[in-house]
Amino acid sequence: MAEWVAHGTDRAGNHLRRPQLQSSSALSVRQGVLYVAIAATAWGTGGAVAAELYDVSGIGPISVSFWRFLTGLGLLLTVSLVRRTWRPQTERPLRATYAANPRRALVTGFGLAVYQTAYFAAVQQAGLTVATVVTLGSGPVLVAVGARLTLGERTGAAGTAAVVGGVMGLVLLMRGADESTGPDPLLGTGYALLSAVGYAGVTLLGRFSGRKNAGGAYEATVTGFAVGTVCLLPMALLEGLLPDLERAAWTLGLILYLGAVPTALAYTLFFVGLGAVRATTASVVALVEPLTAAVIGVLVFGERLNAVILTGTVLLLFAVVLLTLNEGAGRASATGRTPDPGADHGLNTWHPVTQTKD
């Protein structure tokens with residue numbers, strides 16, 4: 001239910017109240033985990049699409065990230081415009097969201113740009129396996145430590161076991177899939193750690209904002225991508241911005257997919273989900289991303305399954321399930337009752353001002 005907040009008084013001294021925008025934390029644990037898992041699955045499809053885009057467009061990873069951000073931003077702005085047109089009373093203006101917390105938008109946008117760019121640089125210098133293992137493997141650890149220090153979220157024995165199991169599963173999954181390395185593994189490892197720091201920062205900030213109801217997740221995603229696009233533009237210009245349009249329709253289709261699914265849709269769901277689940281839980285559930293990439297490799301590119309990949313997959317799934325159960329138990333303990341994971345919490349809406357008496 002919405003929380004009623006004071007909104008001035010009338011001439012008779014009666015308080016005017018209106019319901020505040022409902023926080024994304026009203027989501028059940030199951031919904032939050034599902035949103036993060038869908039986001040990670042969408043991210044997992046992005047690697048194969050980006051690799052194809054490199055081949056057909058002739059542009060580098062930074063420029064691909066720029067077009068991905070720009071397209072995603074355009075789609076998010078379009079959706080925001082439609083929402084304001086059809087439901088003007090329910091929408092919070094983007095300018096107001098930015099003005100309310102400009103630091104959040106700047107840090108989120110910069111963190112997204114650093115995370116994406118550093119990861120692609122790590123792949124170039126250290127290879128896909130090292131870059132993925134170091135970035136996504138250290139991410140949950142950094143998030144767990146950061147959540148404990150900054151948000152006061154305790155991981156607990158089950159959470160620690162899930163983090164360890166998830167990281168071990170990731171290492172096995174990537175080792176079984178690809179053992180290649182790049183020209184400078186040491187430099188690539190440094191880029192991967194920088195990418196992990198950016199990822200952890202964005203995740204912790206998203207969790208803090210979702211928990212404190214510091215602005216809508218959708219509006220924050222839009223403003224964050226606007227900042228990230230600006231951050232990526234100078235580096236993309238230096239790398240070579242314009243793609244080869246010899247296969248224009250295919251190139252534009254790939255860019256549109258990258259902007260729509262693993263960007264606009266995925267990050268919106270991820271930030272909404274962070275309002276319902278702890279940061280460490282979200283970071284481990286996000287390990288579904290390399291699992292999705294491995295499935296695509298088997299089904300689309302004919303890569304072979306082996307015992308190492310299967311073991312890593314089981315460990316990753318075990319970590320996700322364990323954290324989901326632990327998250328639900330923790331919330332039930334905190335509230336003193338069993339949560340209703342199937343409850344319909346409704347949409348975020350503004351309602352007309354209502355006059356009441358205290």
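Leaving aside neighbours within four places in sequence, Thr229 is in contact (heavy atoms within 4.5 Å) with Phe66, Phe69, Leu70 and Leu73. The structure is a predicted model, in which local features need pLDDT of at least 70, side-chain atom pairs count only at pLDDT 80 or more, and totals for chains, interfaces and linings use all residues. Residues are numbered from 1 along each chain as its sequence is written, and side-chain values use heavy atoms, with hydrogens and water left out.

Thr229 lies in helix H8 (residues 217-239). Helices (H or I, at least four residues) are DSSP runs, numbered from the N terminus. Thr229 is buried, at a relative accessible area of 7%. Buried means under 20% relative accessible area, exposed over 50%, and partly exposed in between (1.4 Å probe, protein chains only).

Side chains of opposite charge can pair when their charged atoms come close. A salt bridge is a side-chain nitrogen of Lys or Arg within 4 Å of a carboxyl oxygen of Asp or Glu. The count is one salt bridge. Arg207 and Glu153 form a salt bridge, with 2.8 Å from N to O. Arg207 sits in helix H7 (residues 185-212), and Glu153 in the loop between helix H5 (128-151) and helix H6 (156-177). The pair links distant parts of the chain, 54 residues apart. Arg207 is buried, at 8% relative accessible area. Glu153 is buried too, at 6%.

Val141 belongs to helix H5. Its relative accessible area is 41%, so Val141 is partly exposed.

How values were computed:
Helices (H or I, at least four residues) and strands (E, at least two) are DSSP runs, numbered from the N terminus.
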